Every structure is written in C-alpha cells, then in structure tokens.
Number of protein chains: 2
Amino acid sequence: MITVLAGGVGAARFLQGLVKIIPEEEITVIVNTGDDIQLHGLHISPDLDIVTYTLTGIVDEEKGWGINQDTFHCLEMLKRYGHETWFNLGDKDFATHIYRTYLLKQGLSLSEITNRICQALGLRLQIIPMTNDKFETRIVTEEGILHFQEYLVKRHTKDNVINVLFEGSEEAKPALGVIDSILNASLIIVSPSNPIVSIGTILSVNSVRDALRKTKAKVVATTPIVGGAPIKGPADKLMKGLGLEVSAYSVARLYQDFLDVFILDYADRNEKERIEQLGLQVIVTNTIMKTQEDKVKLAKTVLKLIK
Amino acid sequence: MITVLAGGVGAARFLQGLVKIIPEEEITVIVNTGDDIQLHGLHISPDLDIVTYTLTGIVDEEKGWGINQDTFHCLEMLKRYGHETWFNLGDKDFATHIYRTYLLKQGLSLSEITNRICQALGLRLQIIPMTNDKFETRIVTEEGILHFQEYLVKRHTKDNVINVLFEGSEEAKPALGVIDSILNASLIIVSPSNPIVSIGTILSVNSVRDALRKTKAKVVATTPIVGGAPIKGPADKLMKGLGLEVSAYSVARLYQDFLDVFILDYADRNEKERIEQLGLQVIVTNTIMKTQEDKVKLAKTVLKLIK
C-alpha cells in the first residue's frame, strides 16, 4: 500500500504517472483541504477536485483545474445577480459543489462525500481529505488577512506575505484513514506540492506529523522547487514571506524530521550534498512532468525505493 | 395600481401584454409558490422564475420555462453523481436557484429575494410570492401522494387524480404586500392560470380570499379553459379529479364569491348566459395568446374595465 500526501496540480500530475504503474486499489491519497472555500453558498474543495478530475481524465489540462470543455453560463448569471465571480467555476464543476453541499447538509462527512464522488467517477484509489473539520489557510499580508483563494485567485498573489495561518488546525482531527494509511503504508510519498499551503497544512493536522515520524514505511518527497522556483503556484512568495530560503534544500529541511528520501531535480544537483547532510538519502532525476512519459518515469523512480 | 394573481406560463404571457400598455411600476403580481420544490439541495420556485424570465425577455419561449440558449452541463454532471434529473434545469437557471438558496440560508425571505432578482434583471413591477411560508401542493393519486412537480414533470400527469392537498395552507401567512395590494388596487386580474394549483393555491393562503371579497376594486378573471380544455397544463385532469366540470363556467363558479367580470373565449360564447346567471359580467373575446398582438389586445380588453 502506497500513501500519497497531495495538494492540487503537482500532486495530480504525479498521481497520473503512479496509477499507470501500480493498481489504483493500492493507493491512498491524503488531500489538503486548507484551500476549501464557501462561495455562492456552496462548499468548494479545489484540491480534492483537481485530483479526482485529473485521475478521471476529465480535468481541463490546459488550465489545470475545472472540467474540460466546460461552459460558464451559471457563473455569468450569478454575476448578473451581483455575485463576485473571481473564482472561476464551470457548469459541470458546479455540479460537484452542489452535490457536495447537498450531502454535507444531509450530515455526511467530507470523507464520505469524497468517496461517493470517486465511486461515481469510477476511481478505485482511496482519496481522503486530510480532515473533515473546519480548516482554513489564511495569508497574512500587508493589506490584511486573506483567505488563501483570495490571495491566490482574487488578488493574484500580489500582496506581500507576512505570515500564513492555519485556522482550525488546533482542533482539526485527521479524517478516518489518514493516520492508519500513514502507519500501515509500505511507502509514503510527499507530492511535489506547495510545502507551506498544501503539504504544510496536512502536516499541521493533529497526529499527522507524529504518525509520519513513527511509521516504519519509507517517506519520500519529490521536490516542488526546481532551480529556486516552484513549477506552479506561489510557494516562493509564501516561503519568502515566512523568512525561508526558496530552494529544494529548504523544502527538505521542512520535512527533515520524518523524511527518508528526497527526490531532487537535476537542475539542483549542487544541493545534493547539503540535503544529504540533513541525514536524507537524495536521488537526483528529472522531476518536471510535462509528458505522460515524464510522469511515469518519476513514479517509477520513486517506487524503486520499495523494490 | 393593478394587481395580478399569477401562476406560470399563462400568467407570464398575459403580463407580457399588460406591461406593453401600462407602466411596470403600476403592476403588482402575486405569484403561486405551491409548486416550489427542493432539488439538489436548492430551492426552486418555478412560477416565480417563469414570470421573471418571461418579463425580462430571457425565457426559452419554445419550452415556456428556463432561459433561452441555456446549456444543461451541470445537470448532466449531477446525473453522473446519481441525482435524479427528471426536472430539467439549465446552467443559467441553476444560478437563480443557487442565488435564492444562498440568500434563504442567510435568513432573507422569499419576498426579499424575489425583489433582488427583479432588480438584478431590471424589472420594475413588483413581484410577490403568495407566501414566504412553507406551502406545498400535493396530488393524491391512485399511486400515492405526489409533489405537484412529480405528478406533472416526473410522471407526466399519467396518474388518476383523487384529490389535491395544499400542505401548509393553514399556517401560511400571505407575504408582505399581498393583502395590501388586493385591498388598494384599482383593478385585480386573475390570470388565465390553472384554477386549482396556481390560483387555487393563492386563494387558500390565509386572508387572501377574504381580501378579494372585501376589496372595492373590480376583480376580473380571464378564462384558463377554452373549448373544454386548458391551453396548457393539467387543469382538466385536476378539475375532473376533484369532481368538477371542465369548463369556463366551472372556473367562474370557483371564483364566483369574489369575482366581478369573467373574460370568456369566443369558442365558449354559449356559456355566457350560464356565467351571467352567477351574477357576473361576461366579456366575450379572443383569449388565446399566440402573438404579441394577441397579448396586448387581451390586456387592453381587461384594462377597459377601469377606463
């Protein structure tokens, strides 16, 4: 059994490779929900959706979010009613949020709902939200405290970051299966996702970090930073805002207490030694996933660790 | 000030003519909400929407409901999630239900929400739901008790009707403005809508029928039955189910206690005398509204009563 800690696009791409080489049934994915947001009275879970849409093959590959060939008529009409529409939602995508909100209102947990969505879409891997409890990533900027989506999507990461808050992290319990899947895995993979707001959130949920330290499984992380910059997203701005060096090494340090292996990109091979000095095994390879072949190759490199 | 009691399509068509000859600001429309239904966790008010969409000029004229050139991607996706999709909802249409549900959750009344929708769509007439309280039209059939929309849309009116129930009518209070607009109107028009499940529902709301009896304004009804059949909808089946004759006369009798004038179709001119014997003034004219000209002509005929 393989357990993967996941954010959005980066994780989804990595998983596309992974499902090509091992059966879906052997994979558990723990997904960040710190980006979840209520809009138009609906509960939106961006990272869960990116992962399920991508693995189902219905994601809009160009955008990296939403469903391919979707229309935006519902949102246009909501705009006419005066709603803010900075967060783009397609018509098919709306169905997911309507469905999720409908079931939440009926008392189902986000875990159970995610399960149903996976089943409906024909996915056989287990996708678990990191927590079923309220958890909200907030970015402290010079302009005030923003919901992560406001910072990212509405204001295009233009604000200087002072701090990152995980609201609810103290009370948030890991969803059923999170701790078990970490303790009982044969390999744990930390996706090339944002180390602060995708992986950092998961790590901040009660007992998760402890379980990662305790597990007998090897824990391997794929770098989300290549050549001093993230492949996608605002990891650099957030790391800088927190006073961290923007480098693969810096990410390795964030995971150091539970990590065994770090997958470093060729571009950063000069950081290999520094990372090894943290007590980690380092594998240098191509980590940039442009083609399906890239994704499968990276997954194979990671899986070699248990073969 | 003119007050109109309205159901869906028939009323909306009549109103299209009316707004061409008097300023929108002088019109109050009291709309049936007995057909309202919760689907996908959203509050749907079919008659309110038909009226607002029609007057805004965005209705799908061919279907008589929904918004023109709408797509159905959200509903298709909800089907994939296992939701029943017998009630057709377009993507733009979904926005209205999302918006309404969002505001209901915030504690606004259906009246206030309807007001906001009208404003957003640029309508200047006052559209009021008959009640802000729970009210549900249920059709008692040989197969069991059905929500009106189940009877009409899901089961295509195929069940034998035994009775019609107005659940909640005993507690339902008229929405703010309903009684005032009846007592203070200079003319009250009962639309050519279903006399049982569109007008009958409005009449069953507390104090409405009394106000119609008390008002000094003339009350005029346009026949919804022409040549022994409704123009649209299941009025004949419902009337038969309740043991009523399906005729213009029969409708006039249902309204007899508060009505002054009945607008009869040429096709039923032989019923004129019978209706006059109920103590009503009868005007015989063309009531079938196919063209915009038909609608304006009918509205003019009705308005002559106050000129």
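A nonpolar core is a set of buried Ala, Val, Leu, Ile, Met, Phe, Trp, Tyr and Cys residues joined through C-beta atoms within 7 Å. Buried means that 20 or more other C-beta atoms, placed from the backbone, lie within 10 Å of a residue's own.

I noted that this is a predicted model, where local features need pLDDT of at least 70 and side-chain atom pairs count only at pLDDT 80 or more, while totals for chains, interfaces and linings use all residues. Residues are numbered from 1 along each chain as its sequence is written, and chains are lettered from A, ligands numbered from 1, in the order in which they are written.

Core. I looked up the largest nonpolar core, which has 190 residues. Val29(A), Val51(A), Val29(B) and Val51(B) touch the most other members. Beyond four places in sequence, Val51(B) touches residues including Leu15(B), Val29(B), Val31(B) and Ile127(B); contact means C-beta atoms, placed from the backbone, within 7 Å.

Ile128(A). I found this residue in strand 5 of chain A, residues 126-129 (a strand is a DSSP run of E, at least two residues; a helix is a run of H or I, at least four; both are numbered from the N terminus). Ile128(A) counts as buried because it has 25 C-beta neighbours inside 10 Å. Its contacts beyond four places in sequence include Val29(A), Ser111(A) and Val178(A).

Interface. I then checked where the chains meet: 24 residues of chain B are in contact with 24 residues of chain A. On the chain B side, helix 3 (73-80), helix 4 (91-105) and helix 5 (110-121) each give two or more residues. Helix 4 of chain B gives the most, with 10 residues.

Note on methods:
Two residues are in contact if their C-beta atoms, placed from the backbone, lie within 7 Å. A residue is buried if 20 or more other C-beta atoms lie within 10 Å of its own, exposed if 12 or fewer, and partly exposed in between; C-beta atoms are placed from the backbone.
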